Every structure is written in C-alpha cells, then in structure tokens.
Amino acid sequence: MPEPVDAVEMRTALAGLRRTSGLPVAFGGLLSDARHARIAELSGAQTSALRGLVISAGSGLGGKAIALARPCAVTDYPASRHISHEYDPAVAAEGLRSVVAVPVVVRRTVRGVLYGALRTPVSLGDRTFDVAVAAARDVEQALAVRDEVRELLAVTREQVAAGPGAAPGAWEDVREAHRELRALVPRVVDPALREELLAVCGRLASASGARAPAPAMEVRLAPREVDVMACVAAGATNAAAARQLGLRPETVKGYLRSAMRKLGAHTRLEAVVAARRAGLLP
C-alpha cells in the first residue's frame with residue numbers, strides 16, 4: 001500500500017536536515033488537530049522513545065514552536081528554564097541536549113513540527129537554523145500542493161459530471177481546471193494521488209469527445225507536451241507557460257514544437273484544435 005505524502009515528505013525532509021546540518025538526530029510529525037502533533041518519523045534515533053509522542057501546543061520545545069509559530073531552540077534541553085519539561089523522560093532516553101524545533105506552517109496555519117538535535121550541549125548557529133527552516137519549508141510546499149490538488153479534484157469532479165452539455169462558461173472552467181491540474185502533476189510526490197490526478201485529467205480531456213469527430217489516427221503526446229499544450233490553449237505565451245510549469249522558455253518552445261509536429265499543425269491555434277479533436281485537451 002503506498003505511503004501517504006505526509007510520511008514520504010517528512011522522512012525526506014528529516015534525512016535532508018541531518019545530511020545538510022550535520023545534526024545526528026532529526027524527528028517530527030504533523031498535527032492531528034489544532035493543538036497536538038504526533039512524532040511519527042525518526043531519523044538517526046538510537047531508541048524508539050520519541051516515536052508516537054504527542055506534543056501539545058505550549059508544552060516542551062516543540063509545543064512552544066507550535067504555539068508561537070516560529071523556530072525555537074535550547075542549548076541544553078534538560079536544564080533549560082525557557083520550556084516546560086513534560087517530555088524529559090523521552091528526551092533523556094534518546095540522550096538529546098541541544099535541540100531546535102521548527103513549525104511547519106501552511107496558509108498561516110501550523111500543520112506540524114520538525115526537530116534537529118545533538119547529544120552534546122552546544123549553541124546551535126544560524127546555519128543550523130537556516131537548514132532546519134528549509135527542511136520545514138519543503139514539507140510545507142508538499143502539503144500546500146496536496147491541499148491544492150484535493151481542492152481542484154473536488155471541483156473538477158463536478159465539472160466532469162457536467163460533461164459536454166455544460167454551458168460555454170462552465171466549459172472554459174473545465175479547461176482551466178485541466179491546465180491547473182496538469183501543472184501540479186510533476187510536484188505531487190504521493191504516487192496514488194498522482195495517479196488519481198492523471199486519471200481526472202484524462203477524464204477532463206475525453207469529456208469533450210462528443211463535441212468533435214473522432215480523430216483519423218491516434219496521436220500520442222508526452223506528458224510535458226500535453227502540459228505545454230494546455231497552457232497554450234489557455235492563451236499563455238511561452239514565457240508564461242514556463243513560469244506556470246517551472247520550466248525554461250526554451251524548453252517550453254521545444255515541447256511545443258514537438259507537439260505541433262506530432263499533431264500536424266503549423267500554428268499554435270491549429271495545434272490546440274488538433275489536440276482537442278484528438279481528445280488530449282478538453
């Protein structure tokens with residue numbers, strides 16, 4: 001069974017935090033509600049004492065980071081007077097002393113917390129803070145993409161149900177949703193969510209089948225060629241498509257040229273029309 005994006009992204013971020021900062025231990029988890037996070041992922045830990053620990057907002061170092069929505073650190077966790085000490089037994093079992101905690105914040109809402117730690121009491125420098133914050137940002141971006149995909153999928157399912165009989169304005173919404181979803185596909189880490197996203201894109205594209213005659217022969221475009229064509233169909237220039245897809249303008253131009261050749265088109269408009277007739281675009 002595929003792992004949820006939460007676990008994949010958190011594990012990747014923690015491994016990156018250890019590798020880049022040199023901190024031997026990293027751990028973290030997402031909030032289960034507005035005030036509680038569960039430590040679900042450990043990297044470099046020697047015991048399982050921290051696994052499953054539920055961190056309450058305001059309690060301990062991580063709880064302080066959650067409550068303040070900003071990074072917090074201590075030089076010597078057991079002796080610190082700036083945090084409460086509900087979690088001392090688990091921290092002591094792992095032998096942690098210097099610890100930094102960084103909240104994961106998406107749309108101004110704290111969604112989780114990441115920790116990096118040493119087993120010696122030393123002051124953590126700015127570089128360590130920066131690396132820890134960067135790791136949290138990676139998780140934030142993954143969660144933001146997942147949220148956006150789910151919101152779009154919910155709206156798109158209604159648009160797919162409307163099908164070719166939808167009003168002209170609604171059909172333009174379908175095309176815009178298709179373009180946005182295609183642009184998100186490369187940023188989705190969770191394989192199951194990516195497959196669902198591609199399946200909905202396919203349904204959106206084929207939903208226009210009744211609006212045009214069947215193509216004389218099947219046309220196959222590479223995924224990125226379809227992405228570029230979706231942007232072009234929405235009126236985007238090569239530069240605008242590059243910004244939307246995270247590509248270089250020259251790369252977009254190459255994909256467009258290749259797609260036009262496969263579609264037998266000589267202009268951008270001809271390519272869009274051909275792609276729609278082939279069921280590649282809604």
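**View 1. The crossing of helices H7 and H10.** The crossing of H7 and H10 is left-handed; a crossing has this name if the near helix is turned anticlockwise from the far one by less than a right angle, and is right-handed if clockwise. The model is predicted, with pLDDT of at least 70 needed for local features and 80 or more for side-chain atom pairs, while totals for chains, interfaces and linings use all residues. Residues are numbered from 1 along each chain as its sequence is written, and side-chain values use heavy atoms, with hydrogens and water left out. Two packed helices are described by the angle between their axes and the distance between the axes. For H7 (residues 223-233) and H10 (residues 268-277), the angle is about 115 degrees and the axes are 10 Å apart. Axes are lines fitted to C-alpha atoms, for helices over the stretch in contact, and angles run from 0 to 180 degrees between N-to-C directions. Helices (H or I, at least four residues) and strands (E, at least two) are DSSP runs, numbered from the N terminus.

**View 2. Residues where H7 meets H10.** Met-229, Val-232 and Ala-233 of H7 are in contact with Arg-268, Ala-271, Val-272, Ala-275 and Arg-276 of H10; contact means heavy atoms within 4.5 Å. Six of the residues in this contact are nonpolar, none are polar and two are charged. Ala, Val, Leu, Ile, Met, Phe, Trp, Tyr, Cys and Pro count as nonpolar, Asp, Glu, Lys and Arg as charged, and the others, Gly among them, as polar.

**View 3. The two sides of H10.** Ala-271, Val-272 and Ala-275 are the buried residues of H10. They lie on the same side of H10, because their arc around the axis is only 100 degrees. The arc is that of the directions from the helix axis to the C-beta atoms. Buried means under 20% relative accessible area, exposed over 50%, and partly exposed in between (1.4 Å probe, protein chains only). The buried residues pack against H7 and helix H9 (249-263). Exposed Leu-269 and Arg-277 are on the face turned away from the buried side of H10. After H10 comes Gly-279, with a positive phi near 75 degrees.

**View 4. The length and buried side of H6.** Helix H6 (residues 191-206) has 16 residues and should span 22 Å at 1.5 Å a residue, which agrees with the 22 Å between its end C-alpha atoms. The expected span is 1.5 Å times one less than the number of residues. Leu-193, Leu-197, Val-200, Cys-201, Leu-204 and Ala-205 are buried in H6. They cover an arc of only 140 degrees around the axis, so they are on the same side of H6. An α-helix has 3.6 residues a turn, so residues three or four places apart point the same way.

**View 5. Arg-107 and Arg-108 in a loop.** Arg-107 is in the loop between strand E6 (99-106) and strand E7 (109-117), and Arg-108 is also in the loop between E6 and E7. Phi is positive in Arg-107, near 55 degrees, although the residue is not glycine. Arg-108, also not a glycine, has a positive phi of about 65 degrees. Arg-107 is exposed, with a relative accessible area of 56%, and Arg-108 is exposed at 85%.

**View 6. The surroundings of Arg-97.** Arg-97 is in the loop between helix H3 (88-94) and E6. Its relative accessibility is 28%, so Arg-97 counts as partly exposed. Arg-97 and Thr-120 are 23 residues apart in sequence, but their C-alpha atoms are 5.4 Å apart. Not counting residues up to four places away in sequence, Arg-97 touches residues including Val-74, Tyr-77, Leu-118 and Thr-120.
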